[in-house]
Amino acid sequence: MTGRMIDSMNTPLPVVLAGARGHGRWHVENIRRLQEKGLVRLAGVCELTPLTEAELDGLGTPEQSADFGALLDSTGARIAVICTPIPTHTDLALAAAERGVHLLLEKPPAPSYAEFRRMADGVAAAGVVCQIGFQSLGSHAVPAIRELIAEGAIGQLAGLGGAGAWVRNEDYFRRAPWAGKRRLNGVDVIDGALTNPLAHAVATALALGGSTRAEDVTGIETELLRANAIESDDTSCVRVSTAQGHPVTVAATLCAEQADEPYVLVHGSTGRITFWYKQDRVLLQRAGHGPEEFEHGRTDLLENLVAHLTTGADLLVPPEETGAFMKVVEAIRTAPDPAPLPDTAWHRVPGENRRVVPGVDGLVAAAADTLSLYSELGAPWALTSEHLSKEVSTR
């Protein structure tokens with residue numbers, strides 16, 4: 001996808017941000033950083049409640065409105081950053097595309113594969129550029145690890161594991177009406193551990209293995225469970241069968257005993273690579289060598305989108321490169337509703353208002369290490385659940 005090139009002399013590019021609170025605050029700060037570099041200008045903010053002067057410090061006086069389309073029209077925006085509830089992504093993206101406005105669309109790009117296709121096809125037909133907000137895929141570690149795999153540094157690629165052991169209190173699932181929901185008012189949301197907070201683990205594992213497009217996925221197994229009183233999963237794992245022949249298993253929990261840095265583990269016949277994707281840190285372990293650790297830089301995805309539009313730089317995360325991830329989202333969407341863990345499988349942490357599943361930290365790590373599902377690792381609460389899905393073919 002190349003889109004319409006913008007003359008680099010036209011920077012700073014006017015940007016409209018839809019969704020400037022919650023995670024959107026990160027985008028406000030990032031736009032402030034790029035505005036100081038002269039690359040973009042915050043032209044508009046789409047929020048139900050306008051941002052205050054303090055929230056806009058250093059960003060001038062952008063136009064504010066709850067009407068996204070009208071704001072795009074009045075500001076002459078060239079880029080829209082969309083950080084709104086998951087079910088709104090497709091319609092907002094298409095509203096921007098039909099106006100010729102390029103996009104940075106937060107992950108997950110859509111709550112279903114059908115909505116993803118409607119978005120991606122509509123954007124392509126409009127001839128605009130869309131970048132999907134998997135920030136970890138801007139890490140310079142990603143091409144470096146791919147190169148290590150290609151040159152045989154760890155032998156034959158055997159599979160990839162992802163591990164995310166995070167801590168979230170019960171208020172996290174009440175942060176917004178859609179939080180912790182699979183559906184809201186009859187519309188898909190699919191706000192689960194693997195599809196939203198730890199979606200990067202899934203997308204990054206797929207990317208490192210070269211299985212990024214929808215056709216790269218041949219089958220998916222899911223185990224979706226919950227300790228919290230929510231609809232969606234907070235403790236889950238997935239195993240993806242790929243056309244490349246190596247499995248991708250990712251395990252995640254928001255009920256860890258202790259928060260840990262999420263990572264992707266690349267398994268080879270003669271070694272392994274660990275990638276802590278939030279830190280851009282890589283550990284290479286291989287036969288006949290001592291361990292080697294590397295730290296990499298990262299290209300910001302909005303900055304990359306600007307560079308793509310002004311200088312023709314390669315776009316890092318176009319929609320088609322997230323098709324495999326969206327197949328995982330679809331498998332989770334169509335799986336049986338997450339099974340509630342028995343009361344004996346979790347407990348509350350005094351004074352922290354959060355639920356913990358004892359032993360889950362070790363299970364998450366073991367799943368990434370052995371490419372196994374929770375039930376295969378002997379987790380009693382996974383073995384006894386009648387709601388775990390069997391493998392779903394995507395062919």
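Which residues does UniProt list for "domain: GFO/IDH/MocA-like oxidoreductase"? The unreviewed entry gives residues 144–273.

## Ground rules

This is a predicted model, where local features need pLDDT of at least 70 and side-chain atom pairs count only at pLDDT 80 or more, while totals for chains, interfaces and linings use all residues. Residues are numbered from 1 along each chain as its sequence is written, and side-chain values use heavy atoms, with hydrogens and water left out.

## Two annotated spans

Back to residues 144–273: the end C-alpha atoms of this span lie 11 Å apart, and its content is 13% helix and 35% strand. Helices (H or I, at least four residues) and strands (E, at least two) are DSSP runs here, numbered from the N terminus.

UniProt also lists residues 15–134, as "domain: Gfo/Idh/MocA-like oxidoreductase N-terminal", again from an unreviewed entry. For residues 15–134, the end C-alpha atoms are 19 Å apart, with 37% helix and 21% strand. UniProt positions follow the numbering used here, feature names are shortened, and annotations may be inferred rather than shown by experiment.

## The six-stranded parallel sheet

An open sheet has six strands in the order E3-E2-E1-E4-E5-E6, with parallel pairing. Two strands count as paired if DSSP finds at least two bridges between them. At the edges are strand E3 (63–65) and strand E6 (130–132), each pairing on one side only. Neighbouring strands of this sheet are turned by 20° against each other on average, direction ignored; the axes are lines fitted to C-alpha atoms (for helices over the stretch in contact), and angles run from 0 to 180 degrees between N-to-C directions.

Strand E4 (residues 79–82) is a handy place to look. Four bridges join E4 to strand E1 (residues 13–18) in parallel, with Val 16 opposite Ala 80. Another four parallel bridges link E4 to strand E5 (residues 102–105), where Ala 80 stands opposite Leu 103 and Val 81 opposite Leu 104. In a regular strand the side chains alternate between the two faces of the sheet. E4, helix H3 (residues 89–97) and E5 make a right-handed β-α-β unit: with the strands pointing away from the viewer, the path from the first strand over the helix to the second runs clockwise.

## Cores and an enclosed helix

The largest nonpolar core has 101 residues, and those with the most contacts inside it are Phe 68, Ile 79, Met 119, Ile 145, Ile 273 and Phe 325. Such a core is a set of buried Ala, Val, Leu, Ile, Met, Phe, Trp, Tyr and Cys residues joined through side-chain atoms within 4.5 Å. Its largest share, eight residues, comes from H6. A second, separate core of 25 residues includes Ala 227, Leu 341, Val 357 and Leu 373.

Beyond its neighbours within four places in sequence, Phe 68 is in contact (heavy atoms within 4.5 Å) with residues including Val 16, Ala 80, Ile 82 and Leu 92. Helix H7 (residues 301–311) is largely enclosed by the rest of the structure, because eight of its 11 residues are buried. Among them are Leu 301, Asn 304, Val 306 and His 308. The cover over the buried residues of H7 includes E1, helix H1 (24–36), strand E2 (40–46), E4, E5 and E6.

## Antiparallel strands

Seven of the eight residues of strand E11 (residues 235–242) are buried, so this strand is largely enclosed too. Eight antiparallel bridges join E11 to strand E10 (residues 217–226), and Gly 219 has Ser 241 in E11 as its bridge partner. E11 also pairs with strand E12 (residues 248–253), in the antiparallel sense over six bridges; here Arg 239 stands opposite Thr 249. The hairpin of E11 and E12 has five residues between the strands, and Gly 245 takes a positive phi near 95° in it.

## Two residues to look up

Leu 198 is in the loop between strand E9 (187–188) and helix H6 (199–208). At 0% relative accessibility, Leu 198 counts as buried. Pro 340, in strand E17 (residues 339–340), is partly exposed, with a relative accessible area of 49%.

Notes
Buried < 20%, exposed > 50% of the residue type's maximum accessible area, 1.4 Å probe, protein only.
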